[in-house]
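Dear colleague,

I am handing over the structure below, and I would be grateful if you could look through it alongside the notes that follow.

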Amino acid sequence: AGLVAGAWPAVKKDRSQLDRIRAMRQHPRDREAQRVARVIRPNSGPDDTVWVWGRWAWPVYFHADQRAPTRLYKVLGIVTTNLTNTWRRPTKRTAFVQRGPAAKKLVGDLKAGRPAFIVVSRNEDYREFKAFKRLLREGYRRVPHLRMRQFVLYHRKDHKLVKPPKPHPARRLKKGKPRRR
């Protein structure tokens, strides 16, 4: 009985942490990935594929119910730097690095597999990945009217958007209140 009574504060604390985690998980943490998927789903067929750049975009595969055209569907640490975070500091922004043949294989797979959509996460830098930038420039265009903080969504130029996103109506300003920037 003494052991149970002594352990009770720890059990109670664990229970409250579990309740907080359950409450947090009631609300999606990837709203923009879901928004991207709402554009991809009606504009793609069962044979279409999607590819994402950046770990923030990984949930798009799930929400859009689409596969990647390559085995390199997640490239963290393969063609990018690794995460540097620890329990004491946040991670630095990851960036493209040329390591062996992986980058060349990835671009070859994307050219061959021709994904209908490519999602680019803004948290990972691909400026030095010239072959990927060329692939986007030559074969893809940005989906119109879709402005997001975390992602840029591209569709293949020869892949018609059946149901493009609607432009956001202009936001009305209340009289006397300046717009925040």
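Axes here are lines fitted to C-alpha atoms, for helices over the stretch in contact, and angles run from 0 to 180 degrees between N-to-C directions; helices (H or I, at least four residues) and strands (E, at least two) are DSSP runs, numbered from the N terminus. This is a predicted model, in which local features need pLDDT of at least 70 and side-chain atom pairs count only at pLDDT 80 or more, while totals for chains, interfaces and linings use all residues. Residues are numbered from 1 along each chain as its sequence is written, and side-chain values use heavy atoms, with hydrogens and water left out.

On that basis, helix H4 (residues 102–113) and helix H5 (residues 130–139) pack at an angle of about 15 degrees, their axes being 9 Å apart. The two are therefore roughly parallel to each other (angles under 35 degrees count as such). Where they are in contact (heavy atoms within 4.5 Å), Val107, Leu110 and Lys111 of H4 meet Ala131, Phe132 and Leu135 of H5.

Turning to the sheet, four strands form an open arrangement in the order E1-E3-E6-E5, with mixed pairing (two strands pair if DSSP finds at least two bridges between them). Strand E1 (50–53) and strand E5 (140–142) stand at the edges with a single partner strand each, so one side of each is left without a neighbour in the sheet. From one strand to the next the twist averages 25 degrees. Strand E3 (residues 117–121) pairs with strand E6 (residues 151–156) in the antiparallel sense over five bridges, and Phe117 stands opposite His155 in E6. Helix H2 (residues 31–40) packs on this sheet, where it touches E1, E3 and E6, and its direction makes about 15 degrees with that of E6.

Finally, a search of the whole structure finds six salt bridges (a side-chain nitrogen of Lys or Arg within 4 Å of a carboxyl oxygen of Asp or Glu). One of them joins the side chains of Arg55 and Glu124 (2.8 Å, N to O). Arg55 lies in the loop between E1 and helix H3 (59–64) and Glu124 in strand E4 (residues 124–125), so the pair ties together parts that are 69 residues apart in sequence.

Definitions and conventions. Angles under 35 degrees count as roughly parallel, over 145 as roughly antiparallel, 65 to 115 as roughly perpendicular and the rest as oblique.
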